[in-house]
Amino acid sequence: MEFSCSHCGFKAIPSEALFCPVCGMRLTLKVDDCWDNLKIGDYYYSDGSFSTHLDQLKTCVGIVFSLETTAEEKKHGWTHGQIVALEDAGGERCQWGPRGSLLTTHVDEWRDVRKDKDGYLYSNSIYASKYEAFAAARKYSALLPSGKTSGWYLPSVGQWVEIIENLGQVSILGDGFGCFNGDRIWRSKLAFLNISIDVYWTSLQKGSSGSWCVLMTSGNVSTLTKASAGRVRPVSAI
């Protein structure tokens with residue numbers, strides 16, 4: 001695959017080149033031509049490009065944790081994968097929301113909840129903006145390229161499972177509630193994501209009073225009442 005320089009127009013530039021051999025300008029990765037090169041762990045930038053090695057001249061907004069998107073996301077043209085933000089939204093702990101029903105469905109069993117990746121669908125419910133955790137994710141300040149992503153939203157349990165397993169290289173045991181395997185080694189493996197040793201909300205509720213969350217304090221996925229305090233780490237489809 002070859003590129004052309006947007007500055008001088010020179011063509012036939014090798015795909016691995018970082019600079020134009022004629023004018024010396026730094027080349028911008030044309031992601032529309034290169035999605036086949038996307039990998040889990042790649043850096044995703046505010047201009048819509050991505051790279052395996054961090055480009056210090058660009059603004060990184062997230063890390064690729066999945067090469068799949070949901071059926072709902074595909075309807076809108078986001079088909080390449082999903083990224084997780086580098087920081088928590090808002091910097092403050094917040095409630096998931098008040099007791100009561102938010103979503104038309106809820107998932108109660110771990111064997112089902114670990115497969116649920118519909119955070120985008122739940123986060124775009126007509127009621128979601130009234131709930132603190134959803135609103136915090138949507139208002140996250142890192143700027144995404146206009147029109148190229150789903151925007152930030154609150155991940156579901158299955159998306160958190162992918163973040164932990166794919167980026168942290170830590171498996172989640174399937175018996176009962178999900179537990180991180182590795183006797184606290186997972187903390188160091190997830191350190192590059194600036195994860196706090198705290199509670200992280202998911203977009204999935206359990207019944208009318210509880211919501212699923214990731215407990216970084218103990219290393220497992222469990223449930224808490226919706227009025228409890230937790231952190232929000234947004235994700236986005238690309």
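**Strand pairing and the sheet**

Analyst: I83 stands opposite S236 in strand β14. This is a predicted model, in which local features need pLDDT of at least 70 and side-chain atom pairs count only at pLDDT 80 or more, while totals for chains, interfaces and linings use all residues. Residues are numbered from 1 along each chain as its sequence is written, and side-chain values use heavy atoms, with hydrogens and water left out.

User: How many bridges join β6 to β14?

Analyst: In general, two strands pair if DSSP finds at least two bridges between them. Here, three bridges join β6 (residues 82-85) to β14, and the two run antiparallel.

User: In what order do the strands of this open sheet lie?

Analyst: The order of the five strands is β4-β3-β5-β6-β14, with antiparallel pairing. At the edges are β4 (50-51) and β14 (235-237), each of which pairs on one side only. Helix α6 (residues 157-168) packs on this sheet and touches β5 (60-66), β6 and β14. The direction of α6 makes about 90° with that of β5; axes are lines fitted to C-alpha atoms, for helices over the stretch in contact, and angles run from 0 to 180 degrees between N-to-C directions.

User: Is S236 buried or exposed?

Analyst: Buried means under 20% relative accessible area, exposed over 50%, and partly exposed in between (1.4 Å probe, protein chains only). S236 has a relative accessible area of 0% and is therefore buried.

User: Which residues does S236 touch?

Analyst: A contact means heavy atoms within 4.5 Å. Leaving aside residues up to four places away in sequence, S236 touches G81, Q82, I83, L144, T149, S150, G151, W152 and Y153. A polar contact is a pair of N or O atoms within 3.5 Å; within protein, one must be able to donate a hydrogen and the other to accept it, and residues adjacent in sequence count only if both atoms are side-chain atoms. The side chains of S236 and S150 form such a contact at 3.4 Å, and the side chain of S236 also reaches the backbone oxygen of G151 at 3.4 Å.

User: Why is α6 described as largely enclosed by the rest of the structure?

Analyst: Helices (H or I, at least four residues) and strands (E, at least two) are DSSP runs, numbered from the N terminus. Ten of the twelve residues of α6 are buried, so this helix is largely enclosed. Among the buried residues are W160, E162 and L167. From first C-alpha to last, α6 reaches 16 Å, close to the 16 Å expected at 1.5 Å a residue; the expected span is 1.5 Å times one less than the number of residues.

User: What does the secondary structure of the whole chain come to?

Analyst: The chain has seven helices and 14 strands. Of its 238 residues, 48% are buried. Among contacts with a separation of 6 or more, 60% are between residues 24 or more positions apart.
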